[in-house]
Amino acid sequence: MPQNNWIRKALDFVNQTSYLDRNNPAPVILSNSLRHVKQATDASLILHIEFVDEDTARVRGALPESYNEFTITSASLQRVIKSQGSRVVFWEEIPEAGHGLTNILKHIHAVVMLPVTTITTDGILLIGWEHPLKFNEDFKVCMETISVRLREILEQTRQLNYFRKIAVRYGAILHRVPHALVFINNDGRSGWINEEAAQLLHLATPGDQLTAVISDAMTHLRERALNKEEIYKKAIEVFSKVDVTRDWEWHFPDETLLVSYLPVQMPQISGRLWVFEKKQPIGG
Amino acid sequence: MDIIERNNIHVTGNLDAPSCIVFNAGFGLDQTSFKEVIPAFENDYQIVTFDNVSVGKSDSNAFSPKRYETINGFAADLAEIITALELNNIIYVGHSVSGITGMLTYTHYPELFQKMVLVGASPRYLNDPATSYIGGFDVPTLNSLFEAMEANYYAWAAGFSKLAMRNEDRPELAEEFAYNLGKIREDMAIIIARAIFYLDHRAELPKLKIPTLILQTENDVAVPPVVGEYIHRHISDSRLVKVHTEGHFPQISAPQEVIAAIQSFI
């Protein structure tokens, strides 16, 4: 049997998981990570187990997949993990009792349990082999490395989920604002418009847009205005200052828009926010 | 945790029999719901009955919102009961959602099961237009159901009991079910109902490789006839039998028919 080069396997695992495809949903990212663990370890059973309360754990990802969402009564397992000071647990032979995993491990000879706790979740990655396995120092280094990398992946995935939720929430709010909102980043490449702005600028889709596309659409809008010369002159004045401009009237044959121009200067982002609001007729 | 106490487990019948029948009642019912059915099998089988956490004489302190936010929590309890009692050669009779928890448990312990009886079970209650699946409920209907449960649980329980039990000529049946529903703690009932009505275990059906009997009643508010036919199509060794009674609880409204169907199957 060829000698396992565990250090090499650890490095391969880190390399394989170094690119986090942000377009993938979190379960897919985790599932891919488990496949890389399987590839690195040649294990028969891989379970990402999350402790959901003091007595219950749920399998969040598994190979074989039939264990997905499997529920485990985990009080004794949690005691085992705590007794090890949340270090990696190595079982060359599985204890007969005291862990609550007898049924799951009935065909398994050797087990490693890697604590994979994040800010919001507490859990382990259980790796099991159906054949006997001796855990030498290189093997232990490999497992520690996988454990560290998995914690990073889980944390990155958690943050990704968090920011996705924020993006969805604020996107939903801004799309429902009755004014047209146009934001142009100072990086000169990207911008964002809400649904009302997409209609006003005759752009097919709201959301992220190239700056050039938004600028073209804004130029066309300005060209349609009855007071386009006045707008053009004031624009030169406005752009030369960093002050907020409000109640700037753009007249069109069928309506008047009150335009606000708000420079945005924050540590993380800078740009220009345009707000177009329909002027209500007097008494309306 | 003492599983016997948690689930109020009883082992009766012929304790020397080589096979056992595990009866598991669906949402809102305890083990007494099979009381008219069980005597027909007591001489020839070990009989295992229990109460799922939240109903009957189960230990309500064992309820955990996280554990039972999906029905995998109940499947885990069932697996623990089976392994604690060292059961094998199991003929499993699962009513409603407990048919599905039995199926989930089977997928991890197939060697322990001999036959499966699904009484008014559904692998998914929500329609799925993407796959043309009819489960009987759409999202607005389920939203209304949960709004009603949260607004006035006891009023909901009374109304739902009549709808689910049917058999208007025997109002005492619906009254008893309403009484049982009313005994469940409201917060538990809502969490479990969500776990049930949003489950989707269609993918597990083809994994069931043991002889399976599907009992389908008429005019079942929770499980339309197409669901029984769907289950039948997706379990290779299955038999679909229509029980000539209305409502979701044939073991209560037509126990003799249920007994006859199970006897001829096993």
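User: How many helices and strands does the secondary structure of chain A contain?

Analyst: This is a predicted model, in which local features need pLDDT of at least 70, side-chain atom pairs count only at pLDDT 80 or more, and totals for chains, interfaces and linings use all residues. Residues are numbered from 1 along each chain as its sequence is written, chains are lettered from A in the order in which they are written, and side-chain values use heavy atoms, without hydrogens and water. Helices (H or I, at least four residues) and strands (E, at least two) are DSSP runs, numbered from the N terminus. Chain A comes to seven helices and 12 strands.

User: Why is chain A described as more spread out than a compact globule?

Analyst: The radius of gyration is taken over C-alpha atoms, and the globule rule is 2.2 Å times the number of residues to the power 0.38. For 284 residues this rule gives 19 Å, and chain A is more spread out than a compact globule because its radius of gyration is well over that, at 29 Å.

User: How far apart are the C-alpha centres of domain 1 and domain 2 of chain A?

Analyst: The bounds, which come from an automatic or database domain assignment, are 6-167 for domain 1 and 177-278 for domain 2 of chain A. The C-alpha centres of these two domains are separated by 50 Å.

User: Which residue of chain A forms a salt bridge with E69(B)?

Analyst: A salt bridge is a side-chain nitrogen of Lys or Arg within 4 Å of a carboxyl oxygen of Asp or Glu. Between chain B and chain A there are two salt bridges. In the one formed by E69(B), the closest N and O atoms are 3.2 Å apart, and the partner is R58(A).
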